[in-house]
Amino acid sequence: METLIQIEQIFPSLTWRIRHEVMYPDMPFDSVKLKDDFDGVHFGLYLNHKLTGVVSLFHQGDVYQFRKLAILNEAQKMGLGSKLMEYILDFCKIQKATELWCNARVNAKEFYFKFGFHETKDTFFKDGYDFVIMELKF
Ligand SMILES: CC(C)(COP(=O)(O)OP(=O)(O)OC[C@H]1O[C@@H](n2cnc3c(N)ncnc32)[C@H](O)[C@@H]1OP(=O)(O)O)[C@@H](O)C(=O)NCCC(=O)NCCS
């Protein structure tokens, strides 16, 4: 079967199941809902018509932050996370963003290096994970 990949803007609540399954399966479902979700722009990656990956974008002026990038476990390391990342980079450029940043899980740092993000000195520990703030200037 041919592989069909489509990325489109989705309603905030559509992100919650994948966020929960992939990122915080041991936490209560409601913990993956963000206070700002309804102020964000959310994108879904559909693999053969099945919602397989999500990411959420928030901004304050020209400075954008992405949060909760997640690809279903069984579909990781196939290039799908990269597709979503490239999509939001293009989106930010179209919006004339000056910067894109994220709270990166330290174990995903290498993934972000591939797209030109660099790590800052800001690190923290939350919900069992080490994080580092990573940023990319346009
Ligand atoms: C991190 C994540 C979004 C990457 O998406 P993906 O579809 O698996 O990644 P891709 O297949 O597009 O790219 C993988 C590439 O990044 C590299 N990589 C480095 N660290 C990685 C990591 N922790 N997970 C996946 N890939 C990683 C791989 O080696 C690969 O490099 P290559 O293309 O040179 O071979 C996905 O694995 C995921 O959802 N992980 C769990 C949730 C998570 O950690 N989210 C990020 C929170 S900051």
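Q: Which element gives the largest share of the lining of the largest pocket?
A: In this predicted model, the largest pocket has a volume of about 960 Å³. The elements that each give two or more residues to its lining are helix 1 (16-23), strand 4 (63-71), helix 2 (80-94), strand 5 (99-105), helix 3 (109-113) and strand 6 (118-126). With seven residues, the largest share comes from strand 4.

Q: Which residues that line the largest pocket are the closest to its centre?
A: The lining of the largest pocket comprises 35 residues. By class, 19 of them are nonpolar, eight are polar and eight are charged. The closest to the centre are Met23, Leu69, Arg105, Ala108 and Tyr112.

Q: Which element gives the most to the lining of the second largest pocket?
A: The second largest pocket has a volume of about 210 Å³. Its lining is formed by Asp36, Asp39, Phe58, His59, Gln60, Val63, Tyr64, Gln65, Arg67 and Trp101. At least two residues each are supplied by strand 3 (50-60) and strand 4. The most, four residues, come from strand 4.

Q: How many nonpolar residues does the lining of the second largest pocket have?
A: Residues of this lining include Asp36, His59 and Trp101. Division by class gives three polar and three charged residues. The count of nonpolar residues is four.

Q: How many disulfides does a search of the whole structure find?
A: A disulfide requires two cysteine sulfur atoms within 2.5 Å. The cysteine sulfur nearest to that of Cys92 belongs to Cys102 and is 11 Å away; for Cys102, in turn, the nearest is that of Cys92. The search finds zero.

Q: Is Cys92 buried or exposed?
A: The relative accessible area of Cys92 is 0%. Buried means under 20% relative accessible area, so Cys92 counts as buried.

Q: What is the distance from a backbone N or O atom of Gly81 to an oxygen atom of the ligand?
A: The ligand is surrounded by 20 residues, of which the closest are Ile71, Lys77, Gly79, Gly81 and Ser82. A backbone N or O atom of Ile71 lies 2.9 Å from a ligand oxygen atom, and a side-chain N or O atom of Gln76 is 3.4 Å from a ligand nitrogen atom. For the backbone of Gly81 and an oxygen atom of the ligand, the distance is 2.7 Å.

Note on methods: Residues are numbered from 1 along each chain as its sequence is written. This is a predicted model: local features need pLDDT of at least 70, side-chain atom pairs count only at pLDDT 80 or more; totals for chains, interfaces and linings use all residues. Side-chain values use heavy atoms; hydrogens and water are left out. On a 1 Å grid over the protein atoms alone, a cavity is a set of points where a 1.4 Å probe fits but cannot get out, and a pocket is an open set with protein on both sides within 12 Å along at least five of seven lines; lining residues have an atom within 4 Å of a point. Grid points are joined across faces, edges and corners, and a volume is the space filled by probe spheres set on the points. Ala, Val, Leu, Ile, Met, Phe, Trp, Tyr, Cys and Pro count as nonpolar, Asp, Glu, Lys and Arg as charged, and the others, Gly among them, as polar. Buried means under 20% relative accessible area, exposed over 50%, partly exposed in between (1.4 Å probe, protein chains only). A residue is near a molecule or strand if one of its heavy atoms lies within 4 Å of it. A polar contact is a pair of N or O atoms within 3.5 Å; within protein, one must be able to donate a hydrogen and the other to accept it, and residues adjacent in sequence count only if both atoms are side-chain atoms.
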